Amino acid sequence: MESHIVKIKSIGKVTHDVVRIAIEKPVGYTFTSGQATEVAINKKEWEEERRPFTFTSLPDDDHLEFTIKTYPERKGVTNEILNLKAGDELILHDVWGAISYKGEGVFIAGGAGITPFLSIFRYLKSKNEINNNLLIFGNKTRADIIHEEELKSFLGNAFINILSREQVAGYAHGRITETFLKAHITSFNKPFYVCGPPPMMDAVQIQLANLGVADNLLVVEI
Ligand SMILES: Cc1cc2nc3c(=O)[nH]c(=O)nc-3n(C[C@H](O)[C@H](O)[C@H](O)COP(=O)(O)OP(=O)(O)OC[C@H]3O[C@@H](n4cnc5c(N)ncnc54)[C@H](O)[C@@H]3O)c2cc1C
């Protein structure tokens, strides 16, 4: 298995608990939008602690980017990431992942599950091919929405936010349900891209099956 030690070029906050890290790109390192790699911090006692993160830069960019939700209370890798600064090093491993763009469809994300879709939408925007894709993005509160302005600029009215723990004018409130999906989606015969925390993934996949989405139209990480 390959590994690459790379320097952090910059690191900064995107929301109250999400950081963006730009890093050097190893020569010959390639991925497609939606894919991920395992990342470790190149510091004593952290080199073997690998965690998967999705590239949010474009495949042709001269650097790599990750967009990482941090969990300080777990005292794990994402907490340690909060202590990193430009010049510190990460260890990257092989590229993998089943999520890739398979044509116009509906994207359903929860929280940090937006990262593969952020990557795909940035790619589609760069090709001027946002077309009729729809994004449904579930979060606890408005402050948790990652890159809201950017996604809005890509998708306009085809970007629907739903907040489970806050009522805000112009934003749906509650959890994603079959009724909610039926109200916003006109056809269930197209690709459905789903990424989020396991309980949300389970619930949404059952809802989509009940709404008639064929298994071969589901694009999920396996
Ligand atoms: C393919 C893939 C791609 C991913 N891409 C991204 C991405 O781009 N951006 C992103 O933000 N995330 C992404 N994730 C999720 C990310 O990998 C995890 O958030 C990360 O591994 C958490 O690491 P950690 O060491 O901070 O915490 P963990 O390793 O989850 O936890 C450390 C310790 O905390 C405790 N713990 C675990 N879960 C909980 C909990 N729910 N409550 C309390 N304590 C707990 C356990 O004791 C655990 O050993 C991706 C996941 C996958 C599978």
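A nitrogen atom of the ligand lies 2.9 Å from a polar backbone atom of Thr-67, a polar contact being a pair of N or O atoms within 3.5 Å. The model is predicted: local features need pLDDT of at least 70, side-chain atom pairs count only at pLDDT 80 or more, and totals for chains, interfaces and linings use all residues. Residues are numbered from 1 along each chain as its sequence is written, and side-chain values use heavy atoms, without hydrogens and water.

An oxygen atom of the ligand is 2.7 Å from a polar backbone atom of Lys-69, and an oxygen atom of the ligand is 2.8 Å from an N or O atom in the side chain of Arg-74. Of the 980 Å² of accessible area (Shrake-Rupley method, 1.4 Å probe) that the ligand has on its own, the protein covers 59%.

Ile-8 belongs to strand S1, residues 4-13; strands (E, at least two residues) and helices (H or I, at least four) are DSSP runs, numbered from the N terminus. Ile-8 is buried, at 3% relative accessible area, where buried means under 20% and exposed over 50% (1.4 Å probe, protein chains only). Its C-alpha atom is 6.0 Å from that of Ala-22, 14 residues away along the chain.

In helix H3 (residues 148-155), Glu-148, Leu-151, Phe-154 and Leu-155 are buried. Viewed down the axis of H3, these residues fall within an arc of 130°, so they line one face of the helix; the arc is that of the directions from the helix axis to the C-beta atoms. Glu-149 and Ser-153, on the other side of H3, are exposed. After H3 comes Gly-156, with a positive phi near 55°.

How values were computed
Polar contact = N/O pair within 3.5 Å; in protein donor to acceptor, adjacent residues only side chain to side chain.
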